[in-house]
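Colleague: I have a model open and would like to learn how to read its features one at a time. Where should I start?

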Amino acid sequence: MMIRVLVQTDAFDLGGEMARLSHISDSVGGISVFMGQVRGQGDGLESLTLEHYPGMTEKVLIGLAEEATARFSLLGCTVIHRVGTMRVGEPIVFVGTASGHRAEALQATAFLIDRLKTGAPFWKCERFADGRTTWVEAREADDDAAALWD
């Protein structure tokens with residue numbers, strides 16, 4: 001089993017991360033990947049700045065990856081979350097899971113994304129073309145999705 005968790009400012013290599021997961025074991029039969037990016041909403045959003053609590057953030061992400069690995073019998077799990085300022089269209093998060101079968105990989109990826117949205121200590125500030133900034137509030141829909149895994 002391989003767990004890889006990174007919190008970084010730099011962009012990640014989607015193809016390289018997928019290749020890393022596919023080569024961890026001959027027993028890998030399914031790989032599931034999610035990549036989230038900064039989305040514009042037609043409201044002049046230019047960028048998103050993510051702040052975090054170093055040390056605590058990594059600990060939480062490792063805990064989530066360990067939980068997913070045990071719960072879904074994963075052979076490998078990668079979570080990469082960016083921090084700092086990212087413009088619309090830039091990647092924010094990568095979650096990749098590898099298992100013997102597709103169902104476990106798909107479920108684990110959904111579990112991790114749902115739990116990351118609500119359980120990881122990140123704070124998001126939006127910056128708009130007109131100079132406005134606003135802190136992103138938690139969404140009830142994200143809490144509801146995470147609660148389905150309890």
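**Helix packing**

Modeller: Start with a pair of helices: the axes of α3 (residues 102-119) and α4 (residues 140-147) come within 8 Å and cross at roughly 130°. Angles under 35 degrees count as roughly parallel, over 145 as roughly antiparallel, 65 to 115 as roughly perpendicular, and the rest as oblique. Before going on, note that this is a predicted model, in which local features need pLDDT of at least 70, side-chain atom pairs count only at pLDDT 80 or more, and totals for chains, interfaces and linings use all residues. Residues are numbered from 1 along each chain as its sequence is written, and side-chain values use heavy atoms, with hydrogens and water left out.

Colleague: How are the helices and their axes set?

Modeller: Helices (H or I, at least four residues) and strands (E, at least two) are DSSP runs, numbered from the N terminus. Axes are lines fitted to C-alpha atoms, for helices over the stretch in contact, and angles run from 0 to 180 degrees between N-to-C directions.

Colleague: What is the hand of the crossing where α3 passes α4?

Modeller: The crossing is left-handed. The term left-handed applies if the near helix is turned anticlockwise from the far one by less than a right angle, and right-handed applies if clockwise.

Colleague: How do α2 and α3 cross?

Modeller: Two packed helices are described by the angle between their axes and the distance between the axes. For α2 and α3, the axes come within 10 Å and the angle is roughly 155°. The two helices are therefore roughly antiparallel to each other, and their crossing is right-handed. For a C-alpha distance, take Thr109 and Ala68, which are 41 residues apart along the chain and have C-alpha atoms separated by 8.3 Å. Thr109 belongs to helix α3 and is buried at 5% relative accessibility. Buried means under 20% relative accessible area, exposed over 50%, and partly exposed in between (1.4 Å probe, protein chains only).

**Salt bridges**

Colleague: How many salt bridges does the structure hold?

Modeller: Side chains of opposite charge can pair when their charged atoms come close. The structure holds nine salt bridges, each being a side-chain nitrogen of Lys or Arg within 4 Å of a carboxyl oxygen of Asp or Glu.

Colleague: Which residue does Asp150 pair with?

Modeller: Asp150 pairs with Arg115, and their closest N and O atoms are 2.7 Å apart. This pair links distant parts of the chain, with Asp150 in the segment after α4 and Arg115 in helix α3, 35 residues apart. Asp150 is exposed at 76% relative accessibility, whereas Arg115 is buried at 13%.

Colleague: Which residues make the nonpolar surface patch?

Modeller: Leu14, Met18, Ile31, Val33 and Met35 make a nonpolar surface patch of about 340 Å². Patches are made of residues with over 30% relative accessible area and no salt bridge; like charges are joined within 9 Å, and nonpolar side chains (Val, Leu, Ile, Met, Phe, Trp, Tyr) within 5 Å. Accessible areas come from the Shrake-Rupley method with a 1.4 Å probe; for residues, only the protein chains shown count as cover. Helix α1 (14-22) and strand β2 (30-37) each supply at least two of the patch residues, and β2 gives the most, with three. Ile31 is in strand β2 and is partly exposed at 36%.

Colleague: Where does Ser73 lie, and what is its phi?

Modeller: Most residues other than glycine have a negative phi, and most peptide bonds are trans. Ser73 has a positive phi, near 50°. Ser73 lies in the loop between α2 (56-71) and β4 (76-82), and is exposed at 54% relative accessible area.
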